[in-house]
Amino acid sequence: VQLQASGGGLVQAGGSLKLSCAVSGRSWSSFAVGWFRQAPGKEREFVAAVSQSGGNTYHTASVKGRFAISRNFAENTVYLQMNSLKPEDTAVYYCAASATFDKTGVEYDYWGQGTLVTVSS
């Protein structure tokens, strides 16, 4: 399975962005997909995940209520809608795939390239 993230950019605090993760390859729907982020000088953080069916989601506490992950099977794409953005959300965002609906961020074996999100104050 291959993943390609896009949609990053520069936005003011309080604004919104929608990231896309295009997923290709056989049986892509058999993989759960997660979003991660890494800010400069910090460790990678697990942000959100959506199950294989799309019926179950996970969001880390710092983004709950502001971010929403979803998947569109017709478009082979997983989205991360980000609202009420804060400067501390500034990071490179990555999408990744796991054979299980893993909510720890550990079991993700397939990774896309990152997309930079910058939130100005």
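I began with Trp111, which at 31% relative accessibility counts as partly exposed; the model I am reading is a predicted one.

I then looked up the ring partner of this residue, and found that the centres of Phe36 and Trp111 lie 4.6 Å apart with their planes at 50 degrees, so I noted the pair as tilted. Phe36 belongs to strand β4 and Trp111 to strand β10 (residues 110-111), so the pair ties together parts that are 75 residues apart in sequence. Phe36 itself is buried, with a relative accessible area of 2%.

Next I asked which residues the ring pairs link into a cluster. I found Phe36, Phe46, Tyr58, Tyr108 and Trp111 there. I also noted that Arg44 lies over the face of Phe36, at 5.5 Å from the ring centre.

For the whole structure I recorded 7 aromatic pairs. Among them is that of Trp28 and Phe73, which is tilted, with 5.7 Å from centre to centre and 45 degrees between the planes. This pair links distant parts of the chain, 45 residues apart, since I located Trp28 in the loop between β3 (17-24) and β4 (32-38), and Phe73 in the loop between β7 (67-72) and β8 (77-82). As to accessibility, Trp28 is buried at a relative accessible area of 7%, whereas Phe73 is partly exposed at 35%.

How values were computed. Residues are numbered from 1 along each chain as its sequence is written. This is a predicted model: local features need pLDDT of at least 70, side-chain atom pairs count only at pLDDT 80 or more; totals for chains, interfaces and linings use all residues. Side-chain values use heavy atoms; hydrogens and water are left out. Rings of Phe, Tyr and Trp (its six-membered ring) pair if their centres lie within 6.5 Å; planes under 30 degrees apart count as stacked, over 60 as edge-to-face and the rest as tilted. Helices (H or I, at least four residues) and strands (E, at least two) are DSSP runs, numbered from the N terminus. Buried means under 20% relative accessible area, exposed over 50%, partly exposed in between (1.4 Å probe, protein chains only). A charge sits over a ring if NZ of Lys or CZ of Arg is within 6 Å of the ring centre and within 35 degrees of the ring normal.
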